[in-house]
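Work through each task before reading its solution.

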Amino acid sequence: MIFPNDPPRFMARTPHGYHDVEQIREQLRAAGFAEIAIDAVSEKSKAPSPRDAAVGFCEGTPLRNEIEARDASGLEHATAQAAAALARRFGNGPIEGRIRAFVISAA
């Protein structure tokens, strides 16, 4: 782990961490919505390499801001560490993983 005493929390926060359908439903009801529909959409995310996936997360999301706030010169190191971890788990070629989103309508 790169920042063991102050790990970035981007993945645990919105949008990735907001996934408890019942909690979402309760919060919408509390906000005054009565007609609530929540549909799950599942797909596959694909990257040509572990490095591409690491760049996407570390440099293309708000995670970048959290990395740079902890070490302004550490973005490349963090990206390389993420790429290495992905390669250990999935190999050095193309990788894919499941992704899921909730489409929510409320009135």
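**Exercise 1.** Describe how the axes of α2 and α4 are placed relative to each other.

Solution. Two packed helices are described by the angle between their axes and the distance between the axes. The axes of α2 and α4 come within 8 Å and cross at roughly 135°. Here axes are lines fitted to C-alpha atoms, for helices over the stretch in contact, and angles run from 0 to 180 degrees between N-to-C directions.

The model is a predicted one, in which local features need pLDDT of at least 70 and side-chain atom pairs count only at pLDDT 80 or more, while totals for chains, interfaces and linings use all residues. Residues are numbered from 1 along each chain as its sequence is written, and side-chain values use heavy atoms, with hydrogens and water left out. Helices (H or I, at least four residues) and strands (E, at least two) are DSSP runs, numbered from the N terminus.

**Exercise 2.** Which residues form the contact of α2 with α4, and how do they divide by type?

Solution. Contact means heavy atoms within 4.5 Å.
- From α2 come P50, R51, A53, A54, V55, C58 and E59.
- From α4 come L75, E76, A78, T79, A80, A82, A83, L86 and A87.
- By type there are twelve nonpolar, one polar and three charged residues. (Ala, Val, Leu, Ile, Met, Phe, Trp, Tyr, Cys and Pro count as nonpolar, Asp, Glu, Lys and Arg as charged, the others, Gly among them, as polar.)

**Exercise 3.** Find the buried residues of α2 and say where they lie around the helix.

Solution. Buried means under 20% relative accessible area, exposed over 50%, and partly exposed in between (1.4 Å probe, protein chains only). In α2, residues 50–60, the buried ones are P50, A53, A54 and C58. Seen down the axis, they fall within an arc of 110°, so they line one face of α2. (The arc is that of the directions from the helix axis to the C-beta atoms.) Their packing partners are β1 (36–47), α3 (63–70), α4 (75–90) and β2 (95–106).
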